[in-house]
Amino acid sequence: MTTIEKIIAAIKEYDRIIIHRHQRPDPDAIGSQVGLAETLRHNFPDKEIYQVGGSVEGLEFLASMETIEDEKYQDALVIVTDTANSPRISDKRFSLGDKLIKIDHHPNDDPYGDIVWVNTKASSCSEMIADLAFDLDLELTSNAARLLYGGIVGDTGRFLYPATTSHTLRVAAKLIDHHFDATKLNREIEQISLKVAKLSGYLYQNLKVDENGAAQVVLSQEVMKKYDIVDSETSSLVPLPGVIDNVLAWGLFVEQPEGYYRVRLRSKGPVINELAKRHHGGGHPLASGANAHDDAEREEIYRELQAMCALYKQK
Ligand code: AMP
């Protein structure tokens, strides 16, 4: 049996299916998770389907989560979407089910699950769920199509990043035929609050760029408080340095209330996920996340990024 055949056999076999995604969700996490949940609900009306994982932090326009009792995991199939490593799965009860499926598009560093379907060539996990639905001739509701389209738009930066393929565009074209308001959805994904807009002014004013295009900006707790911003509101700031012509790779270091830094790394060329892995993180070759315990580790990460940009420029 192929992996897809195993997945569909498991979906058919179980009466209860619980779908998880990663912590600090982005549109692809919610899009793939709830896009799958909606599709299964619509095509298998006799099954119990749940989407769980707690707060959706600013993505309420996409979907909301359900709260379920521990007992529901008994004899259940659990599917986790868009989550590379098991510690990042939101709601630790994912391991309480009878069978576990991982569906993801990140490098498969932690192949948790009884069935693992990883496609690192997919732009997004939402693209994979759309592939699954189209391959199996499952009917998509307009809301499921909206969720999957939103996930693709989110992870490709509106079809800008190199993970966007001709297949991504074909999938998006098929999804958009399902009569949802794509313009409204794009606006909802892109819109920012005035305070985040003001903080983006701070970001550009304080961005440090070296001669090889390695850039960094530090958002200290003091700055976050001044602009009245919490960590979950910083995601729209991450792509901003990328529009600057001589920026090659960059890090956004967001100080957390506990004192450590959440590090968000992006690149237009140098592969950065190994750097992220060395600092308690991981991710895609050109879009990764890490953590720095203190200022010394934060400075070390920037030095490593500078070295990578210097090396890349020499090639
Ligand atoms: P972010 O900067 O949080 O948008 O994350 C960018 C990419 O890196 C995403 O694909 C994440 O899955 C991955 N990533 C972020 N933080 C971590 C982490 N702590 N461990 C592993 N992967 C991460």
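A: Let's start with a term we will need: two parts are in contact when they have heavy atoms within 4.5 Å of each other. Keep in mind, too, that this is a predicted model.

Our part is an open sheet built from five strands, and its order is β2-β1-β3-β4-β5. The pairing in this sheet is parallel. In general, strands of a sheet pair through backbone hydrogen bonds, and the pairing can be either parallel or antiparallel. At the edges you will find β2 (48-51) and β5, each of which pairs on one side only. If you ignore direction, neighbouring strands here are turned by 15° against each other on average.

Now zoom in on one pair. β1 and β2 are joined in the parallel sense over four bridges. To find your place, look for I18, which stands opposite Y50 in β2.

Helix α1 (residues 3-13) lies across β1, β3 (77-81), β4 and β5. The angle between α1 and β5 is about 130°. Helix α3 lies across β3, β4 and β5, and runs at about 115° to β4.

α3 (125-135) and α4 (142-156) are among what covers the buried residues of α5. Those buried residues of α5 (residues 166-176) are T168, V171, A172 and L175. They sit on the same side of α5, because they cover an arc of only 100° around the axis. There is a handy rule behind this: an α-helix has 3.6 residues a turn, so residues three or four places apart point the same way. At the start of α5, a side-chain oxygen of T165 comes to within 3.2 Å of the backbone nitrogen of H167.

The loop between β1 (16-20) and α2 (27-43) holds H22. This histidine is buried, with a relative accessible area of 4%. The side chain of H22 makes a polar contact with the side chain of D82 (3.1 Å), and another with the side chain of D26 (3.5 Å). Leaving out residues up to four places away in sequence, H22 touches A29, T81, D82, T83, R88, I89 and S90.

For a sense of scale, P107 and K184 are 77 residues apart in sequence and 32 Å apart in space, C-alpha to C-alpha.

Finally, here is the wider setting. The domain assignment gives domain 1 (3-190) and domain 2 (194-314). Eight residues from domain 1 and eleven residues from domain 2 take part in the contact between them. Taken over C-alpha atoms, the centres of domain 1 and domain 2 are 27 Å apart.

Technical notes
Residues are numbered from 1 along each chain as its sequence is written. This is a predicted model: local features need pLDDT of at least 70, side-chain atom pairs count only at pLDDT 80 or more; totals for chains, interfaces and linings use all residues. Side-chain values use heavy atoms; hydrogens and water are left out. Buried means under 20% relative accessible area, exposed over 50%, partly exposed in between (1.4 Å probe, protein chains only). Helices (H or I, at least four residues) and strands (E, at least two) are DSSP runs, numbered from the N terminus. The arc is that of the directions from the helix axis to the C-beta atoms. A polar contact is a pair of N or O atoms within 3.5 Å; within protein, one must be able to donate a hydrogen and the other to accept it, and residues adjacent in sequence count only if both atoms are side-chain atoms. Domain bounds come from an automatic or database domain assignment. Two strands pair if DSSP finds at least two bridges between them. Axes are lines fitted to C-alpha atoms, for helices over the stretch in contact, and angles run from 0 to 180 degrees between N-to-C directions.
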